[in-house]
Amino acid sequence: MGIQVQGIMVQVWSGELLHIHIAPSASYEMEELTEARLVAGKGIEGDRYFLGTGTYSPKPDVRDITLIEAEVLEQLALGEPKIPGIKLNLSPADHRRNLTTRGVPVNHLIGKRFRVGETILRGARLNFPCKYIEELLGMPRLFEGLLNRSGLNCSIESGGIIRPGDRILPLED
Amino acid sequence: MASPRLIMKMKVASLRSELGDVSVIEFRHPKRPELPPFEAGAHVDVHLPTGKIRQYSLMGDPADLSRYIVGVKLEAKGRGGSAWLHDNLRVGDEVPVSAPRNHFRLSPDGAKHLLIAGGIGVTPMIAMAHALKAQGKAFTLHYFSRSRSLAPMARELEAELPAGSVVFHFDDEPSTSVDMTELLKVVEEGTHLYYCGPPGFMAWIRAESAHWPTQNVHFEAFQPETDRDFVPEAFSVRLRSSGREFEVPADASALSILRTAGVLLFSSCENGVCGSCECGILSGEPIHRDAVLSPEARTKRFIPCVSRAKGQIVLDL
């Protein structure tokens, strides 16, 4: 997507929503949705954090909805980067983030607003992997493999319906 | 901390009645053709709509990951889980089932394996027998039951296992009886003993195998053996990480007190059987009341849902 800045055409990022997953409760496997309702300030209808039945770290936090890049899963499956060289097939049903995206610079969206379909999210903090998921999935070293690329926890500023295939676009603050 | 396990919404693919008031339930997953793997002796948690969670041994062949099969004996005087399953479960029902966990593993270096089952305690042994058969290992399964007409899966075992590897002992058929003292008298090097059954049966085999080296003896109980005369007393728990201290009154469990205080611990059966809430113990005088930890593990691990202590213990939390 190109826009004109100081007389030059530059590319801005635009991404796509690939998958939507929710879990009804802590430790339950994720379920894929073809459509989901996002509620501002709350979460995805039916998800554990929407229902208040998730596994929380005790500190106050924003995690209405979580995102992770499909690109990260692909690199992990290849064992990249070579150091530490952790090679794991983490499927979108198993990573326990809500949205799997493509073309979204997730780590650069802290404090930024962006659109997913008709909804508006704001990046809150980088997601930090937990040992819990490593044990839950029986995947040793997954924690290490996800360090610094474990996705983004976001707040929902404006709710609505999202579907796989929706465009993800940056917005002005 | 014991590991959490993924809970999957599985479907009841088939149900059949077996001898001795046993219902054999086959679970399949609508979207996972291959289930998380398990080793013989493993169990799953079955989450009932009543909020109860029950552990059942997987009795299918560990090589077949398309399904999990459990055998549930109706315990009319039990805590209600088996009665609910017998009365309400139908083919096609959706039931949350955890990924398997194993406290009852076959010893990989055992030269010979002696399996002793009492009644429904045969379920983990069926998976073990399949695994041992596949590995070409020497084993004998002694299956005890009150009567041939009450012995679940007996016919299936007879048909599927090599001749002579399963020996039946029925209380009402004196010709099938065996002298347990004699059977367990000689401890051959490299032989491992496994037993599972109701509480009286467990006590019997434990007494008869008291001279066996503990590392060669493996067992799984349905419920911890409880001393009826045990009077719980208050004790205190200190956490290594934060130094926080908690009083556990006589009428509460350490698990419930820690949970109320916001300490994250997984739990499932809360009956000392499943090991979900297991944690490390660093010092103090514990009173172990669980059915999970081996004597060796008891020197450094603790099951806070049922176990208690004298004075203060320090947990590795």
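**A walk through chain B**

Start by colouring chain B by its domains, whose bounds come from an automatic or database domain assignment: domain 1 (7-98), domain 2 (112-221) and domain 3 (235-315). What you have open is a predicted model, where local features need pLDDT of at least 70, side-chain atom pairs count only at pLDDT 80 or more, and totals for chains, interfaces and linings use all residues. Residues are numbered from 1 along each chain as its sequence is written, while chains are lettered from A and ligands numbered from 1 in the order in which they are written.

Now pick out domain 1 and domain 3 of chain B: their centres, taken over C-alpha atoms, are 29 Å apart. Zoom out, and the C-alpha atoms of chain B fill a box of roughly 60 × 50 × 35 Å along the principal axes.

Next, switch to cartoon view. Chain B has six helices and 16 strands (DSSP runs numbered from the N terminus: H or I of at least four residues for helices, E of at least two for strands).

Last stop: bring in chain A. Which residue classes make up the side of chain B that touches chain A? Nine residues of chain B are in contact with nine of chain A, and the chain B side divides into six nonpolar, two polar and one charged. Here Ala, Val, Leu, Ile, Met, Phe, Trp, Tyr, Cys and Pro count as nonpolar, Asp, Glu, Lys and Arg as charged, and the others, Gly among them, as polar.

Note on methods:
Two residues are in contact if their C-beta atoms, placed from the backbone, lie within 7 Å.
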